[in-house]
Amino acid sequence: MGTGRSLALASMNPTFSLARLATPNKRQQVRVGIGNHSWIPAWCRWWLLFGGTVCFCLTLARSVCCAGFIFVNKGQPMAEIVVGEPSALPISFAGQELQRYLKEMSGAELPIVNAPSKKPAIVLVSRSSDLDKQALEDPREEDHYRLSIAKKNVRIEGASPRAVLFGVYDILERLGCGWCVPGDEVVPKRATIELAPLRVDARPAFQYRMMLDFHMLTVAQTIAISDWIAKNRMNWVRECPNAHGEPKAWYDRRDRIVPELKKRGLHLIVGGHTMHTWLPETLFDSHPEWFAYDGGARKPPTLCVSNPEMTTQLIQNMEQFLGRCPEVDVIDLWHTDSEVFCRCAKCLRGIAIEGAKEKPPADAVQSAYVISYIEFVNRVAGAIAKSHPKVMIGPLIYSQTDRAMPDGCPAPADNVLLGLAHFHRDSYRPLVGEPKSTINLRFLGNDLTWIAKSKHSYIYEYYNCWVAPYVYPGAQVIVRDLQTLESLQVQGVSSDMYGYSPVNMYVAARALWAPNISWKEAVREFCLRYYGDVGEEMAENELQLETGIFGLNGYQASGARDPEKWSPPPAAGLYLQRQRPEQIKLLNGMIARTRDPQVKARLERALKPWSLWNKEPRFWAFPEFKDSNE
Ligand SMILES: [Zn+2]
């Protein structure tokens, strides 16, 4: 479907690799840079090392005007895919993905070979990191890839096996494929597939580009999410069972999920709200002192973080989990999803005396507790550093700990990956700039106090719309924020996916790679790829919603369904409510007009949140995922 449209997109191409800077008809630029690092010396060195010369660069640059690389001609395979032997799993998988999609597009199956013959070749290679000192110093280098497309040869070179896979997805995107929504791809049909000569050198702006799978519905959905994450060049998946007691939901599916992650070279965090995972409330009867003192009594499931015996048991349980699940890179240690924290004299460091008339200010109480929490996290991290030196501990600054780093707080240990959540921010105002948001500025100010003292940290955002009716035109703010965060050298950003907002998520993935994109172009790109013959209309509509809501106060869709519960109701919620009748009319009109059944299904899904206007369609954007054994 959508062949004509896809052709147009192939030349427009993804913001990802800034292909507009490397249009085939112009003299090729050796460097299509992203970020601040110049690549010219390393690039030339690379050619010298891999059988080319600097002169070759120039010769190639001159010969680009004539013809491109032909993958398939009138349904016949014209090239072979070269994957050296032995190759890391993601490189073999990259070869298979390229073969699979070219076949789906054209019907032609390109052979995968280990050594090149005389045929035109698509060569997949990963550059050994010890060739480049920069790779050792800057973790973003791991995802650096280069594409070189000439008449007889396509070279896809990654700094790591995963980066080779990213290079393949970039090429497929240039050929018109679109990875818009998990489990619902756009693959154009073509008898002939070719690509004009091109050089791309792409590297992400952020080290941690993460998305969260909550609450792990079907295995098929989890796999589709992981697949979508890799196709959109993100590198971390957070599986979030939020378990009470051992994370059985992860045990049940890890056999099926882990191979999918390994194929794609994705990193894995497991956990979410996990105080009650590593130390379940079933232990309350035997050990009430392990749990939080709050409102005059000990009660589960929040923990008393200064209790040493509790900490010993919790570490043992975590180690047992890590022994069983060696695939885990980061293990979460978040609070319970509430506002409860332990107010015992030890956790509050003696500032509150029970029964005293004068109560200390709430701010001082929370500051004291936050110090105790970080000390607790560091104790756990210290033990895990010994038993599982490659694993990091993942605490979250959120709710109970939502504040600036207090004076006297120790720095998080080196094997801690600290998340900084922006819960209940102003969703339609940028973190910095006009119109100003006091809440957002407070979040960012707090972030910086933590980032300054943390070796590894990331911002925990909500690009998804988890507030009913799950409509959240946030692309403009997402891109502006990521530009700000890049300029502050923030290491990464994660988003929840609960209540999936397809345009936001697509735009966020692009801006996580290269924040300096046009948000309007990225929104348009999504709509043109996904909504085929009504793509232009959908793009206009999305841009209008975005422009109309930008700058209003409010969190996501709060107040859209229940303005009477707010005093005064958030302006953004009221705006969404006013758009509802027009949106229903518009979407129904397009549903009637489109001639593409796949587009019709997508529009029907997009209509759901507006028409139902309730809590039902939380994953409205997803196709239905069913597990074969269910
Ligand atoms: Zn306590």
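Colleague: In β22, which residue is the bridge partner of I459?

Modeller: This is a predicted model. In it, strand β21 covers residues 456–461 and pairs with β22 in the parallel sense over 3 bridges. I459 has its bridge partner in β22, and that partner is V493.

Colleague: Which residue in β22 is the bridge partner of M210?

Modeller: Strand β12 (residues 208–213) is joined to β22 by 4 bridges, and these two strands run parallel. The bridge partner of M210 in β22 is S494.

Colleague: Which residues of strand β22 point the other way from G492 and S494?

Modeller: Strand β22 comprises residues 492–495, and all four of its residues are buried. G492 and S494 point one way, and the residues that point the other way are V493 and S495.

Colleague: Which strands stand at the edges of the sheet of 9 strands?

Modeller: The sheet of 9 strands is open, with parallel pairing and the order β18-β17-β14-β13-β12-β22-β21-β20-β19. A strand at the edge has a single partner strand, so one side of it is left without a neighbour in the sheet. The strands in that position are β18 (392–394) and β19 (396–397).

Colleague: In β21, which residue is the bridge partner of L418?

Modeller: Strand β20 (residues 417–421) runs parallel to β21, and 5 bridges join them. L418 has as its bridge partner in β21 the residue S457.

Colleague: Which are the edge strands of the sheet of 3 strands?

Modeller: This open sheet has the order β2-β1-β10, and its pairing is antiparallel. Strand β1 (residues 69–73) is joined to β10 by 3 bridges, and V72 stands opposite I193 in β10. The strands that pair on one side only are β2 (76–77) and β10 (193–195).

Colleague: Is K74 buried or exposed?

Modeller: K74 lies in the loop between β1 and β2. Its phi is near 45 degrees, a positive value in a residue other than glycine. Because K74 has 9 other C-beta atoms within 10 Å, and 12 or fewer count as exposed, K74 is exposed.

Colleague: Is Q556 buried or exposed?

Modeller: Q556 also has a positive phi, of about 45 degrees, although it is not a glycine. Its place is in the loop between α16 (535–549) and α17. There are 26 other C-beta atoms within 10 Å of Q556, and the threshold for burial is 20 or more, so Q556 is buried.

Colleague: How are α17 and α18 oriented to each other, roughly parallel or roughly antiparallel?

Modeller: Helix α18 (residues 597–612) packs with α17 at an angle of about 165 degrees, and their axes are 9 Å apart. The crossing of these helices is left-handed. Angles over 145 degrees count as roughly antiparallel, and α17 and α18 are therefore roughly antiparallel.

Colleague: How many nonpolar, polar and charged residues are in the contact of α17 with α18?

Modeller: From α17, the contact involves R580, Q583, I584, L587, N588, M590 and I591. From α18, the residues are K600, L603, E604, A606, L607, W610 and S611. By class, the residues of the contact of α17 with α18 divide into 8 nonpolar, 3 polar and 3 charged.

Colleague: What distance separates the C-alpha atoms of E582 and W610?

Modeller: E582 is found in helix α17, which spans residues 571–593. E582 is exposed, with 12 other C-beta atoms within 10 Å. E582 and W610 are 28 residues apart along the chain, and their C-alpha atoms are separated by 9.8 Å.

Colleague: In which loop does P469 lie?

Modeller: The peptide bond from A468 to P469 is cis, with omega near 5 degrees. P469 lies in the loop between β21 and α13 (475–487).

Methods. Residues numbered from 1 in each chain as written. Predicted model: local features only at pLDDT ≥ 70, side-chain atom pairs only at ≥ 80, totals over all residues. Pairing = 2+ DSSP bridges. Axes fitted to C-alpha atoms, helices over the stretch in contact; angles between N-to-C directions. Parallel < 35°, antiparallel > 145°, perpendicular 65-115°, else oblique. Left-handed = near helix turned anticlockwise from the far one by under 90°. Contact = placed C-beta atoms within 7 Å. Nonpolar A, V, L, I, M, F, W, Y, C, P; charged D, E, K, R; others polar.
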